[in-house]
Amino acid sequence: MKSVDGHTARKRFGQNFLVSPGVIKKIIDAVAARPDDTVVEIGPGLGALTDPLLERLPHLHVVEIDRDLIARLHQRHAPEHLTIHAGDALAFDFGSLKGAGRLKIVGNLPYNISSPLLFHLAAYADKVCDMHFMLQKEVVDRMVACAGESDYGRLSVMLQYRFHMERLFIVPPGSFNPPPKVDSAVVRLIPIDIPQVGAGDTAIKAIPEGMATDYALFAKLVARAFSQRRKMLRNTLRELCSEDQLLAAGIAPTSRAEDVPVAAYVRLANALAV
Ligand code: SAM
């Protein structure tokens, strides 16, 4: 167990603390928070990002699971500047923080829960202005991969459906204490401005292009397609659609999940929803 600044880094909470002033500055500059923004940081840890964020903001929300770190944060920051939400970010309702201003989410995320956390955060796309995260570089590569690339998968489709994403820069292991085994990267997510509606919602007459009319069906279809990513879709999706329906959506029945662009998954889901 590594001790960092008197705290024993806990592997189960994915604790790799940022110690590079240059990287911290690049992240803070990328986030570009304004005093009237509502900003929430996931996993403040020992405050590497928290402190510089509080230099720009009169108030910050943080979500932290480690009780020792929560106690340290309470000691160092007055409640009028820092609201500490003690608990699991996977269960936190980020939408509850949405006020009149822009809502921004930031964090050097715990790598052991990064995929479920990203799926959880995707549900708040209609409430946030943007999100900036440090993640394993391999995860960021999967997030931004295009159809046909080896990194393209369920995470790429489900996040690209909701966000424009950009890999900003790579961060080497030596920027952390303890250092992780792999490279990391910082990614920016900006929500795509399309209204999200449930199945049967009649409020929106014309469905904007690229929007799934039944999000749950779209999510199920994508999950099923990638459950066996190397198999032909006519086999993996047999229980959900026919070959004719695949063809009508512009998808060759012999293609594999990793070859199909996001828009084609949406077309197919919308055809099945009617
Ligand atoms: N922000 C700090 C930094 O950059 O040095 C710490 C980043 S460290 C990679 C991840 C942080 O997330 C730790 O503080 C850890 O305790 C916290 N964490 C881990 N799992 C969490 C969870 N499920 N919910 C909220 N925080 C969590």
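**Ligand and backbone notes**

Modeller: A polar backbone atom of alanine 89 is 2.8 Å from a nitrogen atom of the ligand, and please keep in mind that this is a predicted model.

Colleague: How much of the ligand's accessible area does the protein cover?

Modeller: On its own the ligand has 600 Å² of accessible area, and the protein covers 98% of that.

Colleague: Which elements give two or more residues to the shell around the ligand?

Modeller: Those elements are β3, which spans residues 17-18, and β5, which spans residues 60-64.

Colleague: And which residues come nearest to the ligand?

Modeller: There are 23 residues around the ligand, and the ones that come nearest are Leu18, Gly43, Glu64, Asp88 and Ala89. Sorted by class, the shell holds 12 nonpolar, 7 polar and 4 charged residues.

Colleague: What lies 3.4 Å from a nitrogen atom of the ligand?

Modeller: That is a polar side-chain atom of glutamate 41. For isoleucine 65, by contrast, the atom concerned is a backbone N or O, and it lies 3.5 Å from a nitrogen atom of the ligand.

Colleague: Where does the ligand sit, in terms of pockets?

Modeller: The ligand sits in the largest pocket.

Colleague: Changing topic to the backbone, which peptide bond is cis?

Modeller: The bond from asparagine 177 to proline 178 is cis, with omega near -10°. Proline 178 itself is placed in the loop between β10 (176-177) and β11 (184-191).

Colleague: Is aspartate 5 buried or exposed?

Modeller: Aspartate 5 has a relative accessible area of 59%, and since exposed means over 50%, it counts as exposed.

Colleague: What about phi of alanine 32?

Modeller: Phi of alanine 32 is near 50°, which is again a positive value in a residue other than glycine. Alanine 32 is located in the loop between α1 (21-31) and β4 (38-42), and with 34% relative accessibility it counts as partly exposed.

Colleague: Now a helix, please: where is serine 114 found?

Modeller: Serine 114 is in helix α4, which runs over residues 114-122. Its relative accessibility is 4%, and because buried means under 20%, serine 114 counts as buried.

Colleague: What lies 3.2 Å from a polar atom of the side chain of serine 114?

Modeller: The backbone oxygen of tyrosine 111 does. As for leucine 90, it is 24 residues away from serine 114 in sequence, and the two are 9.8 Å apart in space from C-alpha to C-alpha.

Colleague: Where is threonine 236 placed?

Modeller: Threonine 236 is in helix α8, made of residues 233-236, and with a relative accessible area of 7% it is buried. Between threonine 236 and alanine 257 there are 8.9 Å in space, C-alpha to C-alpha, and the two are 21 residues apart in sequence.

Colleague: Last one, how far apart in space are alanine 273 and arginine 230?

Modeller: Alanine 273 and arginine 230 are 26 Å apart, C-alpha to C-alpha, and 43 residues apart in sequence. Alanine 273 is found in helix α10, residues 262-273, and it is partly exposed, with a relative accessible area of 35%.

Notes
Residues are numbered from 1 along each chain as its sequence is written. This is a predicted model: local features need pLDDT of at least 70, side-chain atom pairs count only at pLDDT 80 or more; totals for chains, interfaces and linings use all residues. Side-chain values use heavy atoms; hydrogens and water are left out. A residue is near a molecule or strand if one of its heavy atoms lies within 4 Å of it. A polar contact is a pair of N or O atoms within 3.5 Å; within protein, one must be able to donate a hydrogen and the other to accept it, and residues adjacent in sequence count only if both atoms are side-chain atoms. Accessible areas come from the Shrake-Rupley method with a 1.4 Å probe; for residues, only the protein chains shown count as cover. On a 1 Å grid over the protein atoms alone, a cavity is a set of points where a 1.4 Å probe fits but cannot get out, and a pocket is an open set with protein on both sides within 12 Å along at least five of seven lines; lining residues have an atom within 4 Å of a point. A molecule sits in a cavity or pocket if more than half of its atoms lie within 2 Å of its grid points. Helices (H or I, at least four residues) and strands (E, at least two) are DSSP runs, numbered from the N terminus. Ala, Val, Leu, Ile, Met, Phe, Trp, Tyr, Cys and Pro count as nonpolar, Asp, Glu, Lys and Arg as charged, and the others, Gly among them, as polar. Buried means under 20% relative accessible area, exposed over 50%, partly exposed in between (1.4 Å probe, protein chains only).
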